[in-house]
Amino acid sequence: MEKRINFYEKAGNAMRPLFSLGAYLAKSKVEQTLLDLISLRVSQINGCAYCLDMHAQDLLEAGETGQRLFVLDAWRETPFYTDRERAALAWAESLTKLQDNHVPNAVYEEVRNHFSDEELVDLTMSVIAINSYNRINIAFGVQAGTYKPGMHATLLQ
C-alpha cells in the first residue's frame, strides 16, 4: 500500500471523537484482550495491515498465544476460544459484514447470553471504532510495521 497523506497529522481535530471513544473503551468492563481480539478479527475481514500489526502486537504483549492469533480467521473450526469469545467474534463479524442489512437473531441471542447490556453496547462501539480506523488507514495508506505496543496510549487520555 502506498502512503497517501498523514491523516492523523493533517486531521487531528477530526480524529478526536474517535480517540475519545477509544478512551471510553479503555475503561470498559469488557476485557481489553477481548476487545483487541475483536479488533484483530475485524481488521482481517477489512484487510487493514496497520491494525492487524498493531492488535497482534498488543495481544502478544498481553500474553496471548501465537496459536490463537494464527488461526483467528478460522475461529469456528478450532477449540481455542471460549464461548464468550465466540459470541463476541460472531457479533463483530455480523456487524462488520451486515449481510442482508441486519444482524441475525441467533447471533444476537448468543451474544446476549454472554454480555450484559452495558458490555454489549461497549462491544458494539468497539466494532464501530475498529471499522472506522480500518477505513481511515486503508484510505490514506497508513503503513504497517511502524507500531510499537503502547505508542497510542497518549491518544486515549
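The accessible surface of the protein comes to about 8700 Å², and 55% of that surface belongs to carbon and sulfur atoms. The structure described here is a predicted model, and its secondary structure consists of 8 helices and 0 strands. Because the radius of gyration of 15 Å is close to the 15 Å that the globule rule gives for 157 residues, the protein is as compact as a globular protein of that length.

**Overall shape and packing**

- Read along the sequence, the elements follow the pattern α-α-α-α-α-α-α-α, and the C-alpha atoms fill a box of roughly 40 × 30 × 30 Å when the box is taken along the principal axes.
- Of the 157 residues of the protein, 44% count as buried.

**Charged side chains**

- The protein carries 15 positive and 20 negative side chains, and the centres of these two sets lie 6 Å apart.

**The largest nonpolar core**

- The largest nonpolar core is made of 43 residues, and the ones with the most contacts inside it are Ile38, Phe115 and Leu123.
- At least two residues of this core are supplied by each of helix 2 (12-26), helix 3 (32-46), helix 4 (49-61), helix 6 (83-97), helix 7 (105-112) and helix 8 (117-140), and the largest share, 7 residues, comes from helix 8.

- Not counting residues up to four places away in sequence, asparagine 134 touches Val42, Ser43, Asn46, Cys48 and Cys51.
- Alanine 23, which is found in helix 2, has a relative accessible area of 16% and therefore also counts as buried, since that value falls under the 20% cut-off.
- Alanine 23 and glutamate 61 are 38 residues apart in sequence, and their C-alpha atoms are 19 Å apart in space.

Technical notes: Residues are numbered from 1 along each chain as its sequence is written. This is a predicted model: local features need pLDDT of at least 70, side-chain atom pairs count only at pLDDT 80 or more; totals for chains, interfaces and linings use all residues. Side-chain values use heavy atoms; hydrogens and water are left out. Helices (H or I, at least four residues) and strands (E, at least two) are DSSP runs, numbered from the N terminus. The radius of gyration is taken over C-alpha atoms; the globule rule is 2.2 Å times the number of residues to the power 0.38. Buried means under 20% relative accessible area, exposed over 50%, partly exposed in between (1.4 Å probe, protein chains only). Accessible areas come from the Shrake-Rupley method with a 1.4 Å probe; for residues, only the protein chains shown count as cover. Lys and Arg count as positive and Asp and Glu as negative; His and the chain ends are not counted. The place of a charge is taken as NZ of Lys, CZ of Arg, CG of Asp or CD of Glu. A nonpolar core is a set of buried Ala, Val, Leu, Ile, Met, Phe, Trp, Tyr and Cys residues joined through side-chain atoms within 4.5 Å. Contact means heavy atoms within 4.5 Å.
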